[in-house]
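User: I would like to learn how to read the interfaces in a structure. Please take me through them one feature at a time.

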Protein chains: 2
Amino acid sequence: MSTIPYDNIRPVQWEDGKLKLLDQRLLPAQTRWLLLHEVEQVREAIYTMVVRGAPAIGCSAAYGMALAAKNAPEDPDGFMAAVAAAAETLKSARPTAVNLAWAVDRLVRVIAARAAGSVAAAREAALEEAHALTDEDVRYCIQIGEASLPYIPESARILTHCNAGALATGGYGTALGVVRAAAGAGRLSMVYADETRPRQQGARLTAWELQQDGLPVTLIADTVAGSLMASGEIDLVVVGSDRIAANGDVANKIGTYQVAILAAYHQIPFYVAAPLSTVDFSTPDGSLIPIEERDPEEVAVIDGTRITPEGVACRNPAFDVTPHDLVKAIFTDRGVAEPPYGASLARLCDP
Amino acid sequence: MSTIPYDNIRPVQWEDGKLKLLDQRLLPAQTRWLLLHEVEQVREAIYTMVVRGAPAIGCSAAYGMALAAKNAPEDPDGFMAAVAAAAETLKSARPTAVNLAWAVDRLVRVIAARAAGSVAAAREAALEEAHALTDEDVRYCIQIGEASLPYIPESARILTHCNAGALATGGYGTALGVVRAAAGAGRLSMVYADETRPRQQGARLTAWELQQDGLPVTLIADTVAGSLMASGEIDLVVVGSDRIAANGDVANKIGTYQVAILAAYHQIPFYVAAPLSTVDFSTPDGSLIPIEERDPEEVAVIDGTRITPEGVACRNPAFDVTPHDLVKAIFTDRGVAEPPYGASLARLCDP
């Protein structure tokens, strides 16, 4: 197990009995933190994308459950009822990322196991579990980066889509964990960051966090990826994931699917980096993953300015599904899965 | 030959001895016209994209040459020297669209032929030629639309990239001419307009002009095209072109190339619509077409708001080249070219 420390960017923190979230909607212009003290605020923060990225949503939801336990009534029945209600509230925030339900269920199990003893013990255990889950997430990201190294060439020029970085996780990042590991091994030449419309996580978040860490980054519009591949300027693509089906189909930020097609056309390897908690073995294939459709105004309005006439319809799916046959390998905290993924992902989960 | 009138949107006009251009940088928020009375203003308008789209640039440059003739000295030697200098000035505005040089050279020939007679006759002939070229462009667009009809299914759902519409031509449009012809034939179900970052011509111009004409349009981020194709919501793709090489390779707005790859992957036909003046027979293949690299700030700043941190590098190629093997057919004013394009394009040029 790795002991590499990573404390530069930790978007989900706990401070004075409150959940402290970096407001990612304001980056890169402003670095502002929000302090949340009840579950409904956490649900709202996840829904409005104060915090985003499947693992970071999981960490936030775990702390949300710790807040729920803290605020729940003292009587044991009322306590567990409030905890169960909070779990439903949090799970309803966003549908696609499986880490959200996974983290909430994990906290519910811990709280329920301790609540039989005392409510005070259950509260303490909930907070400890949220801390553990978040620290674990950073450690897993570092392990993902280490697992990827045999796949990273010298002077690598890496294209990534959206932000699967420290900001999307407890810290360090999944896809950007691969980037950080490559940089640590002296093999990183350049990261090309897709802007990632409509929410521009590549421009606003990936470029920001790589600049913060002094890593080389070049921003491109989403329209440019194919051209860069054609001119031989991309060695590999790596992205994160919000949910991986049992057969290796990968749900991730809208636009990922087409980047995977472009990579295949140019014979450039396309990799996915994610903790094993992102694999949803109860979902056989990607067609069964729910895809969130968000407000069309996210497409029509940028920073308060309308870019298309009033009355023009917009489509705004937040995610897409990349079929497993376009994925060269999946880097996880417990090693690398290669096709066929049904077998290789299951094998990584064996203790 | 068609007699369908189209006067709804004419972005390049002549009024009171001046070139009148719709300032496309301000759409859709404002409809403002600029009046230009000298060549340097026309060059600036083309460079800064007051007017854009290869055919509309050609029309504007033709009027620019009419202005040059109008403003040139009376003495025959000084007159032709000023005309020649103006031609170089205009051609330097943007490198990729072949229609710019084509229109300028056509005006120079007409002016030179008449200047031997009298300077006054040359001035008059220049303006007549600019009018003729612009009216011809509208007529050619209508013919392009008619030529495309055998390729358009019932209830067609058409994806387009950038704006190859009335705004990009004398009027009616090339790719959107195909859309208008489909609508006229009762076969248009929906136009999906790619936003087309960085300049957002799809959101700002295509959505605006289709809405103006009461045609159905849905805006999508550039990241969504692949997903819509996968879900069976696109029947065909049609785009314009800034230059077509003799072998059928197509230079067009950045992002076109990857849309063509996505169409091929999903077995959706990808068509190009352009007047024959867009075919540059002196350029054997697309690798020889110069690709303009524009200011990185176009990527980093949208409507005055910076979307990525200061100091982050950006790449901003304005065009890309789609290899001919990804193009199913090219719709022109003189009929349809199909592979192999070397032969079929040359044949269309035969009188």
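Analyst: Start with contact, which means heavy atoms within 4.5 Å. By that rule, 51 residues of chain A are in contact with 51 residues of chain B. This is a predicted model, in which local features need pLDDT of at least 70 and side-chain atom pairs count only at pLDDT 80 or more, while totals for chains, interfaces and linings use all residues. Residues are numbered from 1 along each chain as its sequence is written, chains are lettered from A and ligands numbered from 1 in the order in which they are written, and side-chain values use heavy atoms, with hydrogens and water left out.

User: What area is buried between chain A and chain B?

Analyst: Buried area is the accessible area (1.4 Å probe) that two parts lose on being put together, summed over both. Between chain A and chain B that comes to about 4,100 Å², with carbon and sulfur atoms giving 61%. Of the area that chain A buries against chain B, 17% is supplied by A:Thr223, A:Gln258 and A:Arg315, more than by any other three residues.

User: How many salt bridges are there between chain A and chain B?

Analyst: A salt bridge is a side-chain nitrogen of Lys or Arg within 4 Å of a carboxyl oxygen of Asp or Glu. The count between the two chains is 4 salt bridges. A:Arg197 forms a salt bridge with B:Glu195, where the closest N and O atoms are 2.7 Å apart.

User: How is chain A divided into domains?

Analyst: Domain bounds come from an automatic or database domain assignment. For chain A, the assignment gives domain 1 (12-142) and domain 2 (146-349). Taken over C-alpha atoms, the centres of these two domains of chain A are separated by 25 Å. Their contact takes 28 residues from domain 1 of chain A and 33 residues from domain 2 of chain A. The area buried between them is about 2,600 Å², of which carbon and sulfur atoms give 57%.

User: Which salt bridge does A:Glu292 form, and what is the count between the two domains of chain A?

Analyst: A:Glu292 pairs with A:Arg94 in a salt bridge, the closest N and O atoms being 2.9 Å apart. The count between domain 1 and domain 2 of chain A is 1 salt bridge.

User: Which elements of domain 1 of chain A touch domain 2 of chain A?

Analyst: Helices (H or I, at least four residues) and strands (E, at least two) are DSSP runs, numbered from the N terminus. On that side of domain 1 of chain A, the elements giving two or more residues are helix H2 (54-71), helix H4 (98-115) and helix H5 (119-148) of chain A. H5(A) gives the most, with 6 residues.
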